[in-house]
Structures are given as C-alpha cells and as structure tokens.
Amino acid sequence: MGYILVVDDEKDIRQLLGQILSDEGYKVCLARNSESAMNEINENAPDLIILDIWLKDSHMDGIEILKTVRSNDHDIPVVVISGHGNIEIAVAAVKQGAYDFLEKPFNSDQLLVVIRRALEASRLRREITNFRRNELVASNMVGDSTSFKTLRTQLDKVTRSNGRVMLSGPAGSGKEIAARYIHINSHRAKAPFVSVSCANIEPNKMEEVLFGTEFDGNIKPGLLEKSNGGILFFDEVADMPLRTQSKILRVLVEQTFSRVGGNDLVRVDLRVISSTSKNLVTKISAGEFREELFHRLNVVPIKVPSLESRREDIPILTKHFTEQLRQTEGLPHRLFSEGALTKMQTMPWPGNLRQLRNAVEQVLILGPENMPVEALELPEPRQSDKINTVNNVFEENLINLSLRDAREVFEREYLMTQINRFGGNISKTAIFVGMERSALHRKMKTLSIVSENKSSKVVD
C-alpha cells in the first residue's frame with residue numbers, strides 16, 4: 001500500500017502511529033530525530049513522511065527537514081504534525097511544501113484520510129510527470145534531410161496559430177508525432193492532447209466515444225470534453241462515419257454539443273488536428289466524406305514525407321530509436337555498423353518510420369548485447385516489398401546479356417540506388433561513390449538517369 005516514515009521525538013506517539021499505520025497495511029519506519037530520519041530518506045526514500053515540527057536532541061527541526069526533502073525530492077508528500085500548533089506554524093509548513101498540517105492530539109480516522117489523499121495526489125503527480133516525459137519522447141522529431149527540414153519549418157509556423165491542420169502522408173510516416181510536436185510547442189502544451197483513432201472505433205460507438213453519454217443523471221464525458229482547452233487529434237479522419245462527420249462539423253462551427261442521451265449543451269475550447277493516408281478528394285467524389293467538413297479541417301494542409309523520400313535520415317533515426325527504446329523499454333544500447341546502416345538505406349520501407357522502429361527493436365531484442373548490429377541481423381524484406389536495388393539486381397536474368405550490357409545495368413541500378421539513398425544529393429553521392437561531381441553527371445547522362453529519382457529531386 002505504501003511505505004511511510006514517521007518522525008517524532010515522543011516514543012509513545014511514534015509507536016501509536018506505527019501501530020495504526022501497520023494495521024492499515026502500510027509499511028512503516030520510525031525515526032526519533034533528524035539524523036535517523038535523513039539517513040532513512042537517503043537510503044530508502046519513503047512514499048510519505050509524517051513529520052513532527054518540534055524535535056528534541058536534533059540538529060534540524062521539522063521545518064528544516066521539510067526544506068531539505070523539498071530541495072531533494074518534490075514527489076514525497078509530507079504531513080506535518082505538532083502539539084504546539086498555531087496558524088503561523090501551519091502557514092509556514094504549507095509554504096515550505098507540506099501537504100497538510102495536523103495538530104496533536106488528532107483523530108486517527110482524520111489522519112488516515114489525509115494520508116490516503118496525500119498518497120493519491122502524489123501518485124497522480126507522478127503519472128502526469130511520466131505522461132509529460134513520454135509525450136516529449138513521442139513528439140521528438142529528428143532528421144537532416146531537405147524534406148524533413150521543410151516539414152519542421154511548416155510545423156513550427158502552425159504552432160504559433162490556432163488554425164486547424166490536416167496532416168497527409170503514408171501510413172507509419174509519423175503523422176501523430178507531427179501532431180504531438182505541434183501540441184508540445186503550442187500555447188496549449190499544458191492542456192490535454194487526445195488522440196481519436198477513427199479506424200479502430202466501431203462506427204456505432206463513435207458518437208458515444210466522442211460526445212460522451214448522459215442517462216438517468218449519470219454523466220460519462222467523451223473525448224471532446226476530455227480534450228477541452230487542448231488539442232483533439234483525428235487519426236485517419238477518412239474512416240469517420242458519415243453520420244458522425246455531420247455532428248463534428250457542427251461542433252467545429254458552434255464549439256458546443258450535447259452528450260448522447262442528454263439535452264444540455266456542453267461548450268468546449270479545443271484545437272483540431274487531423275491526419276489521413278487516403279485521398280480525401282477522391283473520398284468526397286465517392287460520397288464517403290463531407291466536402292464541407294474537409295474544408296473546415298483542411299485549413300492548413302501539411303504533407304508528412306515518407307521514409308523513401310528521406311533515406312538519408314535513416315542513420316540518425318536509427319540512433320534515435322535505439323536511444324528511445326533503451327529509455328522506455330530497457331533494451332540494450334547497441335551501435336549499428338556502417339554496413340548495417342548502408343543496407344538499411346537501400347532497403348524498402350513501405351511501413352515507413354513505424355517499420356524502421358520495429359526493425360530496430362527486433363535486432364535489439366534478438367541480437368547479442370555489447371556487439372555492433374551487423375547487416376546480416378536485419379530483417380529481410382518481404383518478397384512483395386522488394387525494390388529494384390543493387391541487392392537484388394542479380395536476381396534478374398542477366399545470363400543472356402553481354403558483359404557490356406550487364407555492366408551498364410549494374411552501374412545504372414547502383415547509381416540510382418546511391419542517389420536515392422542520399423535523397424537526390426549529387427554532391428554526397430559523388431563523394432561516396434568516389435567520383436568527381438561533373439563525372440557523375442556525365443555518367444548519369446550516359447546511363448539515361450534523369451534528374452529526378454524515385455523519391456526526390458536531384459540536387460547539387
């Protein structure tokens with residue numbers, strides 16, 4: 001249930017409190033002065049401290065202990081007690097961070113209520129802290145490619161506004177990460193970020209989930225209320241039922257709604273961010289998405305690039321995911337060899353960032369600790385995902401080609417793969433393949449490699 005430290009110079013009080021708390025199922029430690037109290041706090045931090053203000057034969061009184069605890073650990077709630085209580089002492093204790101002040105003699109039931117509330121408040125603070133920490137991790141965006149920098153610049157601009165944003169891009173490209181980045185860097189950062197997975201909620205339950213319910217006086221708030229003051233993120237908004245689309249449109253216009261089964265209007269202040277991996281214009285033409293809702297949500301359209309268009313970011317993303325998995329999952333920290341990173345930059349990633357993170361997690365779990373990740377450890381792409389790269393160019397039937405023609409096929413595929421790997425940057429490609437930039441341009445012209453590759457414009 002919790003570990004409680006009781007600090008009191010009166011033996012009878014210490015033992016009485018210890019007995020009461022032990023009977024309630026708490027683990028208890030008793031200390032008679034500041035020295036023993038601080039030793040216990042430093043060696044085995046308690047979940048809560050019951051602290052007497054006046055301590056005989058101690059180097060520090062209760063207020064000084066409270067100040068020290070607060071300076072070292074803000075999460076330990078402290079309940080101050082005193083047999084010489086007055087309003088000045090109570091105010092001083094609360095100002096120094098005490099959760100509550102009780103005057104001796106106190107009622108044991110009153111004490112237990114205060115303890116339960118203090119422990120619950122401490123638990124909630126820890127959960128909020130962990131949530132904020134996880135949200136910061138989840139919103140951390142890394143990259144150095146041109147397409148990533150363009151995305152980051154656009155996101156930075158919309159964080160300063162309250163406009164609705166539509167994030168479009170392939171599945172797994174990081175649309176929710178982008179939405180959380182907007183949230184954590186906006187003036188709504190301290191308010192909730194609520195994600196609605198439109199594809200995973202049953203259509204007949206969607207309205208209850210969003211608007212909440214109100215039957216026979218029993219109110220169950222929905223996600224709209226829970227996101228009040230913050231950001232509501234519609235993930236894959238194309239999958240929202242048509243009936244719900246009409247009601248969401250009204251909420252966007254009026255900022256009010258009624259719970260399912262209720263008549264009272266609920267007013268909300270929220271910012272809406274949406275995402276889609278589908279073509280909403282096509283959906284509108286097919287009668288599957290309301291055009292007016294599209295225009296309301298698509299105030300600021302932002303495209304989130306696929307991993308294919310930012311292959312040069314794969315090394316830094318791999319390092320980022322490795323560190324993230326070490327912090328959140330306790331997985332070992334392993335470096336990826338140059339060969340592994342090179343292979344990863346030429347592999348197909350139809351699942352984008354999500355697939356890359358899963359691949360990193362897989363090798364960290366299955367591979368040997370304290371050893372670099374080698375190319376052979378990487379998961380092989382599915383046959384349906386394979387692309388025409390150097391790795392599989394020899395799977396083609398080259399037996400009937402002359403040496404000159406086969407060499408041309410190899411050179412073309414090799415150079416296209418390297419250009420694609422470096423995001424279309426000719427200078428970086430030339431350095432890696434060991435050619436002068438002008439020579440590489442001539443070779444590209446000879447091999448009919450056009451100035452636009454599979455993913456991005458070729459640049460110098």
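Predicted model: local features only at pLDDT ≥ 70, side-chain atom pairs only at ≥ 80, totals over all residues.
Local features require pLDDT of at least 70 and side-chain atom pairs pLDDT 80 or more, while totals for chains, interfaces and linings use all residues. Residues are numbered from 1 along each chain as its sequence is written, and side-chain values use heavy atoms, with hydrogens and water left out.

Student: In what order do the 5 strands of the open sheet stand?

Tutor: Strands here are DSSP runs of E with at least two residues, and helices are runs of H or I with at least four, numbered from the N terminus. Two strands pair if DSSP finds at least two bridges between them. The pairing in this open sheet is parallel, and the order is 2-1-3-4-5.

Student: How many residues of strand 1 are buried?

Tutor: Buried means under 20% relative accessible area, exposed over 50%, and partly exposed in between, with a 1.4 Å probe and protein chains only. Y3, L5 and V7 point one way from strand 1, I4 and V6 point the other way, and all are buried. Strand 1 is therefore largely enclosed by the rest of the structure, the count being 5 of the 5.

Student: Why do the buried residues of helix 1 line one face of the helix?

Tutor: The buried residues of helix 1 (residues 11–23) are R14, L17, G18, I20 and L21. Seen down the helix axis, they line one face because they fall within an arc, taken from the directions from the axis to the C-beta atoms, of 165°.

Student: Which exposed residues does the face of helix 1 turned away from its buried side carry?

Tutor: Helix 1 lies across strand 1 (3–7), strand 2, strand 3 and strand 4, where contact means heavy atoms within 4.5 Å. The face turned away from the buried side carries K11, D12 and D23.

Student: Which residue has its backbone oxygen 2.7 Å from a polar atom of the side chain of R311?

Tutor: R311 is found in the loop between strand 14 (300–303) and helix 13 (314–329). R311 is buried, with a relative accessible area of 1%. The backbone oxygen 2.7 Å from its side chain's polar atom belongs to M347.

Conventions
Polar contact = N/O pair within 3.5 Å; in protein donor to acceptor, adjacent residues only side chain to side chain. Expected span 1.5 Å × (residues − 1). Axes fitted to C-alpha atoms, helices over the stretch in contact; angles between N-to-C directions.
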